[in-house]
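This report describes a single protein chain. Please keep the sequence and the structure in view while reading.

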Amino acid sequence: KQWYQRRVAITAGITENKFNENPVKMLSVGAGRGNFELKMVRELGLKIEYIYAVEPNAKHVSELHSVMGGDLGLEYKVSSSFFDTEFQLEDSKCDMFDFILFSHSLYGFDDSALIPLL
């Protein structure tokens with residue numbers, strides 16, 4: 001839980017300074033069940049115009065649809081592909097993103113490795 005809260009705090013610092021007024025087009029890699037995205041919208045106030053979520057785990061995809069379309073009411077697309085060298089966007093709606101989130105992709109890194117990337 002502490003790891004998760006730290007990631008939310010880092011994300012809050014980024015979104016607060018850069019995306020506090022205009023809705024963003026977001027790419028979420030490793031979206032899981034959409035809990036992090038839900039928290040960003042509800043608790044951090046991130047305004048999302050469109051989200052392209054990548055989640056290869058079939059167990060999470062149905063819940064992800066519920067969060068994106070139901071709880072958040074977003075315009076979105078979910079891809080069940082792996083985000084690897086063969087990855088291609090399956091949607092012509094958006095080919096550029098304002099914000100890219102790798103939320104369930106960084107478990108193997110500690111904070112000292114991530115901070116220089118931000």
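The sections below go from the overall fold to individual residues and their contacts.

## Overall fold

The model is predicted. The protein chain contains four helices and four strands, arranged along the sequence as α-β-α-β-α-β-β-α. Of the 118 residues in the chain, 37% are buried. The chain exposes about 7,200 Å², and carbon and sulfur atoms supply 49% of that area.

## Helix H3

Helix H3 covers residues 58-71. The 14 residues of H3 reach 19 Å from the first C-alpha to the last, which is close to the 20 Å expected at 1.5 Å a residue. Which residues of H3 are buried? They are His 60, Val 61, Leu 64, Val 67 and Met 68. In an α-helix there are 3.6 residues a turn, so residues three or four places apart point the same way. The buried residues of H3 pack against H2, strand S2 (48-54) and S3.

Both ends of the helix have a local feature. At the start of H3, a side-chain oxygen of Asn 57 comes within 2.9 Å of the backbone nitrogen of Lys 59. Just after H3, Gly 73 has a positive phi of about 60 degrees.

## The salt bridge

The count of salt bridges comes to one. This salt bridge is formed by the side chains of Glu 63 and Arg 33, with an N to O distance of 3.1 Å. Glu 63 belongs to helix H3, while Arg 33 sits in the loop between strand S1 (24-29) and helix H2 (35-42), so the pair ties together parts that are 30 residues apart in sequence.

Are the two partners buried, partly exposed or exposed? Glu 63 counts as partly exposed because its relative accessibility is 36%. Arg 33, at 36% relative accessibility, also counts as partly exposed.

## Two buried serines

Ser 28 is part of strand S1. With 0% relative accessibility, Ser 28 counts as buried. The side chain of Ser 28 makes a polar contact of 2.3 Å with the side chain of Glu 37. Apart from neighbours within four places in sequence, Ser 28 is in contact with Glu 37, Ile 51, Tyr 52, Ala 53, Val 54, Leu 101 and Ser 103.

Ser 79 is part of strand S3, which spans residues 76-79. Ser 79 counts as buried because its relative accessibility is 0%. What does the side chain of Ser 79 meet in a polar contact? The partner is the side chain of Ser 81, at 3.0 Å. When residues up to four places away in sequence are not counted, Ser 79 touches Tyr 52, Ala 53, Val 54, Glu 55, Phe 87 and Glu 90.

## Val 41 in helix H2

Val 41 lies in helix H2.

Val 41 touches Leu 46, Ile 48 and Leu 72, with residues up to four places away in sequence left out. One of these, Leu 72, is 31 residues from Val 41 in sequence, and the two C-alpha atoms are 7.9 Å apart in space.

Strand S4 spans residues 99-102 and includes Ile 100. Phe 99 also has its place in strand S4. Ile 100 is partly exposed, with a relative accessible area of 46%. The C-alpha atoms of Phe 99 and Ile 51 are separated by 9.5 Å, although the two residues are 48 residues apart along the chain.

Ile 100 takes part in a nonpolar surface patch of about 260 Å², together with Phe 83 and Phe 102.

How values were computed
Residues numbered from 1 in each chain as written. Predicted model: local features only at pLDDT ≥ 70, side-chain atom pairs only at ≥ 80, totals over all residues. Heavy atoms only, no water. Buried < 20%, exposed > 50% of the residue type's maximum accessible area, 1.4 Å probe, protein only. Areas by Shrake-Rupley, 256 points an atom, 1.4 Å probe, with all protein chains shown as cover. Polar contact = N/O pair within 3.5 Å; in protein donor to acceptor, adjacent residues only side chain to side chain. Contact = heavy atoms within 4.5 Å. Salt bridge = Lys/Arg side-chain N within 4 Å of Asp/Glu carboxyl O. Expected span 1.5 Å × (residues − 1). Patch = residues over 30% accessible without salt bridge, like charges linked within 9 Å, V, L, I, M, F, W, Y side chains within 5 Å.
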